[in-house]
Structures are given as structure tokens and as C-alpha cells.
Amino acid sequence: MSEPTAPPGPTASRPDSTRTGPGRLLVAVYALFALSASARAGVQIATKFSHAPVAYVLSALAAVVYILATVTLANGSPTARRIALVSCSVELAGVLAVGTWSIADPAMFPDATVWSSYGSGYGFVPLVLPVFGLLWLRRWRRRASTRPEIVGTEDVTADSHNVLPVIPRLSWIGDERIAISGVPSARTVAGLADQGVTHVVNCRPRAQVWRSGDLAAERAAFGPGRVAHAPMQDHGLRQRPAVWAAAACFAARALDDEPQAGVLIHCTAGRRRSAMLTYAVLRLRGHDRGEAAALILRYRTEAQLVPAYVRSVERWLASPGSR
Amino acid sequence: MSSVNGALPTTIIVAGLALAGYALLMTARNRRMGITLLAALGVVEILLLVEVGLIVAKLVSGERPASLPTLIGYLIATPIVPLVAAVWGAMERSRWGPAVIAVAGLVAAVLMVRLHQIWPVIHV
């Protein structure tokens with residue numbers, strides 16, 4: 001079996017949002033039903049509405065509920081979770097009511113809806129889906145009430161589907177003058193200098209820094225010449241050097257040239273992309289593979305060195321154009 | 001009620017179910033998506049594209065199903081399913097990536113059965 005083992009610990013057991021982890025499966029199935037129910041309702045209403053108006057209107061209602069549930073579960077903000085709770089409840093009530101109605105009075109339903117006979121035409125998935133949706137949302141509500149950092153309103157609006165602590169914890173990597181952290185909010189960027197940060201490498205993709213403004217805040221606080229951007233998606237596959245190598249060189253040069261420099265390398269969670277970039281900088285600074293990895297994992301315990309990311313760095317270091 | 005006829009759709013159903021079974025095994029063993037699952041997904045995608053191509057050829061030759069819009073909807077949706085599953089599998093670096101791919105395998109099989117219910121004369 002060549003499939004890599006999923007990492008144990010935080011990512012496996014604690015998804016970041018209602019749309020990750022098991023939520024990913026839920027959103028996928030909801031999206032499927034949103035698509036098929038709305039396509040079905042659209043065709044039925046457009047081509048033969050008078051044939052079975054009640055069934056077709058109910059199909060359309062089901063489609064709307066599925067779309068709403070898909071979007072809100074994928075979004076995952078507190079408001080979205082409340083809307084998701086309502087749509088999953090309506091969905092459960094709908095499938096029970098329409099299921100019963102379609103069996104009691106088949107004449108009203110000359111043509112089937114998604115919810116006819118409790119969704120038997122769809123393998124009863126419509127009956128099971130809202131139950132799983134409600135269970136998943138309930139798990140989330142419990143977790144929200146036990147994790148105080150979730151209420152950081154500024155971060156929730158800035159980056160609605162990643163629940164972020166308000167002040168990210170900086171992990172200084174030994175005496176290397178490199179720190180790893182999650183994304184600092186616009187409000188906390190100004191305080192970074194007090195913690196010894198003089199340069200910043202931001203590893204978040206363009207769309208995200210544009211939406212939450214973290215890169216702009218860093219450039220304003222430290223000056224554009226002291227901030228580098230390595231716009232990476234956290235896909236777990238090879239990272240192209242064109243995206244990150246310049247930022248790694250920038251950080252290594254700052255540390256070489258300025259004895260007082262302190263470089264903060266951050267992504268969103270401070271786990272994978274920032275660990276990769278830190279690895280690249282440590283390698284450029286002369287540490288061997290084992291030392292670089294050990295330093296990162298020792299001082300940033302939640303860091304993960306994704307094998308494909310490490311390979312990207314090593315392959316780049318081995319290539320003639322790297323230095 | 002029509003049955004699925006032809007070697008290709010039968011192959012797709014078997015491949016889709018096999019993919020789903022393998023992906024569920026990966027989920028149960030707490031593996032994330034790797035190159036094997038991605039390749040299996042690619043095989044299903046190619047089979048689906050061939051099936052869609054054959055049906056389009058039949059449409060071009062002038063034959064029509066009872067509900068043309070429905071068929072076209074299915075023809076558009078069918079090849080997208082494995083692509084979306086691959087993207088999600090790559091984004092979700094946990095056991096739930098293969099779980100999404102298992103759904104895609106099941107959906108590929110179900111789509112074949114549904115296609116033949118919509119247009120029983122597909123003999124490809």
C-alpha cells in the first residue's frame with residue numbers, strides 16, 4: 001500500500017472548521033444532493049410543471065435547503081453554523097413529512113421528489129444526511145464552548161473559515177533567530193517588533209492575504225523591504241521553488257547580514273508551510289537535513305515536515321541555480 | 001426499469017465500486033490520499049470520458065432520449081465528479097480525503113445506472 005499514513009494528533013482528530021475532516025465528506029455529499037436536486041427540480045419545473053406541481057415545488061424546496069446547507073457547512077463561521085442548523089432541521093422535517101405524505105397520498109405525487117418514500121430513490125441518503133449534519137454541528141457547538149480563543153471576532157471576520165487564535169504564539173527556533181507562528185491579526189502585527197521580530201516571511205496564498213490584509217499590515221509595520229511573500233497553497237504536494245525560494249534566500253540573507261535580525265516565518269496555522277520555509281532557511285544557513293528537522297520539531301511542537309515539501313527544498317538545493 | 005447493457009458501463013460500475021472499496025479501506029486504515037488512489041481515480045475518469053464520448057456520438061448521429069436536458073445534465077456532471085474528488089482528496093490531508101473519493105466511486109457507479117434509466121437504448 002503506497003498511501004501515506006495520515007498524521008496523528010491535531011490535524012487528524014481536530015479539524016479546523018466544519019468543512020474539514022469528516023466535514024469534508026459531509027459537504028461533498030451535500031454538494032452532490034444540492035446539484036442533483038436543483039438540476040432535477042429545474043428540469044421538472046421548466047418542462048412539465050402542470051404534471052405534478054406539488055412534487056415539483058417540493059423538489060425545488062429540497063434543492064434550496066441542500067444548497068443552503070452546503071454553503072453554510074463549507075463556510076463554517078458561527079453565523080453560518082446557525083443557518084446550517086436550521087437548514088439541516090428543515091431538511092430532516094421535510095424528508096419525514098414528505099416521505100409520510102407520499103406514502104399516505106400517492107396521488108399527490110405522480111412523479112417522485114428527492115424526499116418521496118423517505119428518499120428511497122436515493123438509497124435513503126436524504127434521510128440519513130440531515131442526522132449526520134446535525135450531529136456534526138452539535139459536536140462543533142460543544143467544541144466552540146470549550147475553546148475560548150474562537151471568539152476572536154476580528155479574526156473570524158477576516159478569515160471566516162479558519163478559526164484562529166487572536167494572538168498567535170511565536171516559537172523561536174533555538175538560537176537561530178527564526179520564529180514560526182500562525183497568522184498574526186492586523187491588530188497584533190504592531191506588537192511583533194517588541195518580541196524581537198525585524199523581518200517577516202508570509203507563506204499564505206494571495207487570495208487569503210488579500211482578504212484578511214495580514215501581508216499589507218506587515219508591510220506597513222516593517223516596511224516592504226523587510227517582508228517577503230511566498231504565496232503557497234497547503235496542498236501537501238511539491239511546492240514550486242518559483243513561489244518560495246526567493247523568500248527563503250531573503251530570510252537567510254537577512255540573518256547573515258544583520259546580527260540583530262529576527263525573522264518571523266508564518267503561514268495560517270504555523271504548522272506545515274512555515275515549517276517548510278524554516279527548513280529551507282536552516283538548510284541555507286548550513287544545517288544538515290537532520291539538524292534542521294530536529295530544530296523545527298523541537299521548538300515548534302505542532303510543526304509537521306510534509307515529505308513532499310522537504311523533497312521540494314532538497315531538490316532545489318541540489319539544483320545548480322539555487323545559490 | 002432497464003438494465004445496464006454494454007461492456008463499458010459495466011466496467012465503470014465495477015471500477016467505481018472497486019475504487020470506493022479501496023478508498024474506504026484507506027479511510028479505515030487512517031491513510032490519506034496518495035498516488036495510487038489518484039491513479040485509480042484517473043482510470044475511472046478516463047472510462048467516464050469514453051462513455052460520455054460514445055453517448056455524445058450517438059446524439060450527434062440523430063438519436064434522442066425521452067428527456068434531452070436531463071441527459072445533457074448527466075453528461076456534463078459525470079466527468080466532473082472524479083476531478084472534484086481529486087482536488088478535495090488533495091486538500092484534505094487526512095483519512096477523510098479517501099472518504100470523499102469513495103463517494104465519487106459510488107457516484108460514478110450510480111450515474112451509469114441512472115444514465116441507462118434515462119436512455120435505455122444506450123448500447124455502448
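This is a predicted model: local features need pLDDT of at least 70, side-chain atom pairs count only at pLDDT 80 or more; totals for chains, interfaces and linings use all residues.
Strands (E, at least two residues) and helices (H or I, at least four) are DSSP runs, numbered from the N terminus, and two strands pair if DSSP finds at least two bridges between them. Residues are numbered from 1 along each chain as its sequence is written, and chains are lettered from A and ligands from 1 in the order in which they are written. Local features need pLDDT of at least 70, side-chain atom pairs count only at pLDDT 80 or more, and totals for chains, interfaces and linings use all residues.

Strand 1 (residues 171-172) of chain A pairs with strand 2 of chain A in the antiparallel sense over two bridges; A:Trp172 has A:Ala179 as its bridge partner. Five residues lie between the strands of this hairpin, where A:Gly174 takes a positive phi near 55°.

Strand 2 (residues 178-181) of chain A is covered on both faces: A:Ile178 and A:Ile180 on one side, and A:Ala179 and A:Ser181 on the other, are all buried (20 or more other C-beta atoms within 10 Å of a residue's own, C-beta atoms being placed from the backbone). Four bridges join strand 2 to strand 5 (residues 263-266) of chain A, and the two run parallel. Here A:Ile178 stands opposite A:Val263.

Strand 3 (residues 199-202) of chain A also runs parallel to strand 5 of chain A, joined by four bridges. A:Asn202 has A:His266 as its bridge partner.

Methods. A residue is buried if 20 or more other C-beta atoms lie within 10 Å of its own, exposed if 12 or fewer, and partly exposed in between; C-beta atoms are placed from the backbone.
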